[in-house]
Amino acid sequence: MDKKELVKYLKSIGLSVHTTTKARGHQGFFLNNRIDISKNISEDRFIPTLLHEFAHYIHSKIEPDMNKTGGTLSSVFGENAEKYVEELIQVTNFVDKNSACIRLLEHKERVKAKIKDCEKIIKLYYPKFMRSKKFKEFDKYIRHSNARYLLRYDRVKLIERGFFKKTTKLYTIDNIEKDFCDMPEAFAAYIRLHSLQKKQSRISARINRYKKYYEKPCELFARYVEGLYLDKAWVEAISPNITKMFNKLLNEGYYMELKTILDHTCLHNV
């Protein structure tokens, strides 16, 4: 099936397919028997995205509450499918490179290295310093300095009001030494370390959110189906156990109309 034939077939089985919307900001979107494919999608992504959304449709027929719960692997691949979740994650990483969070992981490693650099500077002056314990010398110094605001914000604007005028002062993490000339090097390093730790936590939170999304059973199933179109042989090679379970159910008619589509798209695309 080419693009037009696929859309025509989906409409013939009762699905509403729209290709002129923004798909709620995604490449594609499925809800309540309706599939939206973004009007801005590239030509080479149209069929894979449509198959991905159609897989959600099939999954919703198997598990009607899939949209709310995220589904279960056993319902779409069979009993004990959870044992082979790593195979599905490998397929997902192949289908969508963003799922591996490579750039975020690299960013996290760079931040981690900077934290160690700051720690080394602090230990030059305070050898017993430990990140897990209170830095008493710093706490005593900082309570009387406007630099204390940089413990919460990397950039802060303070407005001081006098009798006749008000003055505005901007402080930033990058200009600590310039803004606070009397601050010891170890304390400036500690403020930066504190900022980097917060950044590290934010990056970790983003990675966890991505993993939670990509590892939902409904997404793993949809990307497996998408992967069969992109490179059937490779997907079968990296997920042998899941493929065996999937093919058994496929040939038994468990996935309903999905078999017709795979027979006319994935085989044609090999």
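**Entry 1: helix H11**

I started with helix H11 (residues 240-251), which has 12 residues and reaches 16 Å from its first C-alpha to its last, close to the 16 Å expected at 1.5 Å a residue. For my own reference, the expected span is 1.5 Å times one less than the number of residues in the helix. Helices here are DSSP runs of H or I with at least four residues, strands are runs of E with at least two, and both are numbered from the N terminus.

A note on what I am looking at: this is a predicted model, in which local features need pLDDT of at least 70 and side-chain atom pairs count only at pLDDT 80 or more, while totals for chains, interfaces and linings use all residues. Residues are numbered from 1 along each chain as its sequence is written, and side-chain values use heavy atoms, with hydrogens and water left out.

Which residues of H11 are buried? I found Ile 242, Thr 243, Met 245, Phe 246, Leu 249 and Leu 250. Seen down the axis of H11, they fall within an arc of 165 degrees, so they line one face of the helix; the arc is taken from the directions from the helix axis to the C-beta atoms. On the other side of H11, I noted Lys 244, Lys 248 and Asn 251 as exposed. My cut-offs are under 20% relative accessible area for buried, over 50% for exposed and partly exposed in between, with a 1.4 Å probe and protein chains only. After H11 comes Gly 253, with a positive phi near 85 degrees.

**Entry 2: Ser 239**

Next I looked at Ser 239, in the loop between H10 and H11. Ser 239 is buried, at 0% relative accessibility. What does Ser 239 contact, leaving aside its neighbours within four places in sequence? I get Glu 87, Val 91 and Tyr 224, with contact meaning heavy atoms within 4.5 Å.

**Entry 3: salt bridges**

Side chains of opposite charge can pair when their charged atoms come close. I searched the whole structure and found 13 salt bridges, each being a side-chain nitrogen of Lys or Arg within 4 Å of a carboxyl oxygen of Asp or Glu.

One of them pairs Glu 226 with Arg 45, the closest N and O atoms being 2.6 Å apart. Glu 226 lies in helix H10 (residues 217-238) and Arg 45 in helix H2 (residues 43-62), so this pair ties together parts that are 181 residues apart in sequence. Glu 226 is buried, at 4% relative accessible area.

I then checked Asp 96 and Arg 223, whose closest N and O atoms are 3.9 Å apart in a salt bridge. This pair links distant parts of the chain, 127 residues apart: Asp 96 is in the loop between helix H5 (85-95) and helix H6 (102-125), and Arg 223 is in H10. Both Asp 96 and Arg 223 are buried.

For a local pair, I picked Lys 123 and Glu 119, which meet at 3.8 Å, N to O. Both lie in H6, 4 residues apart, about one turn of the helix. Lys 123 is partly exposed at 36%, whereas Glu 119 is buried at 14%.
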